[in-house]
Amino acid sequence: VQLQASGGGLVQAGGSQRLSCTPSGVTFGGYAMGWFRQAPGKEREFVAAISWNGGTTAYADSAKGRFTISRDNAKGTMYLQMNSLKPEDTAVYYCAADRRWLRGRPEYEYWGQGTEVTVSS
């Protein structure tokens with residue numbers, strides 16, 4: 001099983017970025033998905049999660065109102081639309097998958113390699 005995260009890069013504060021995550025080796029629609037991030041010198045933290053059918057989502061307080069998680073099961077891809085980005089959003093963003101609905105708990109079974117987002121002030 002592999003999770004391929006992409007879409008990271010350098011963006012100015014106040015700008016937007018969309019991350020994508022495409023799993024392979026699993027039946028995408030059978031998994032809940034999540035985004036986590038790890039800033040330099042900090043522990044990995046939860047960002048957002050989405051249920052297998054997209055009907056339920058959850059966000060960290062830092063992401064509420066600015067980030068939107070979504071998925072397209074037909075395309076086998078999950079997204080994280082990030083708006084109004086701040087320098088403190090700078091981190092490596094990881095996508096994760098699990099058959100269980102874990103919300104922000106870190107016990108996801110599968111993890112991607114991460115994509116780096118840098119927000120300049």
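1. Let's start with a charged pair: Lys-64 and Asp-61 form a salt bridge, with their closest N and O atoms 3.3 Å apart. The term means a side-chain nitrogen of Lys or Arg within 4 Å of a carboxyl oxygen of Asp or Glu. Asp-61 is exposed, at 64% relative accessibility. For these labels, buried is under 20% relative accessible area, exposed is over 50%, and partly exposed is in between (1.4 Å probe, protein chains only).

2. A word on what you're looking at. This is a predicted model, where local features need pLDDT of at least 70 and side-chain atom pairs count only at pLDDT 80 or more, while totals for chains, interfaces and linings use all residues. Residues are numbered from 1 along each chain as its sequence is written, and side-chain values use heavy atoms, with hydrogens and water left out.

3. Back to the charges. Searching the whole structure gives six salt bridges. Another one pairs Arg-100 with Asp-98, closest N and O atoms 2.9 Å apart. Here Arg-100 is partly exposed at 43%, but Asp-98 is buried at 2%. Shared partners also join Arg-37, Glu-45, Arg-66 and Asp-89 into one network. Within it, Glu-45 meets Arg-37 at 2.6 Å, N to O; Glu-45 is partly exposed at 35%, and Arg-37 is buried at 6%.

4. How many disulfides does a search of the whole structure find? There is one, joining Cys-21 to Cys-95 with 2.1 Å from S to S; the cut-off for a disulfide is a pair of cysteine sulfur atoms within 2.5 Å. It links distant parts of the chain, since Cys-21 is in strand E3 (residues 17-24) and Cys-95 in strand E9 (residues 91-98), 74 residues apart. Strands (E, at least two residues) are DSSP runs, as are helices (H or I, at least four), numbered from the N terminus. The link is right-handed, with 65° about the S-S bond. Cys-21 is buried at 0% relative accessibility, and Cys-95 is buried at 0% too.

5. Now the rings. Rings of Phe, Tyr and Trp (its six-membered ring) pair if their centres lie within 6.5 Å; planes under 30 degrees apart are stacked, over 60 edge-to-face, and the rest tilted. The structure holds five aromatic pairs. One of them is Phe-36 with Phe-46, edge-to-face at 5.6 Å between centres and 65° between planes. Phe-36 sits in strand E4 (residues 32-38) and Phe-46 in strand E5 (residues 45-50), so this pair ties together parts ten residues apart in sequence. Phe-36 is buried, at 3%. Ring pairs link Phe-36, Phe-46, Tyr-108 and Trp-111 into a cluster.

6. Arg-44 lies over the face of Trp-111, 4.6 Å from the ring centre. Arg-71 has its charged end over the ring of Phe-28, 4.3 Å from the centre.

7. Last, the inside. A nonpolar core is a set of buried Ala, Val, Leu, Ile, Met, Phe, Trp, Tyr and Cys residues joined through side-chain atoms within 4.5 Å. The largest has 27 residues, and Met-33, Trp-35, Met-78, Leu-80 and Tyr-93 touch the most other members. Strand E9 gives the most to this core, with four residues. Apart from it lies another core of eight residues, including Phe-36, Ala-60, Leu-102 and Tyr-108.

Terms used: A charge sits over a ring if NZ of Lys or CZ of Arg is within 6 Å of the ring centre and within 35 degrees of the ring normal.
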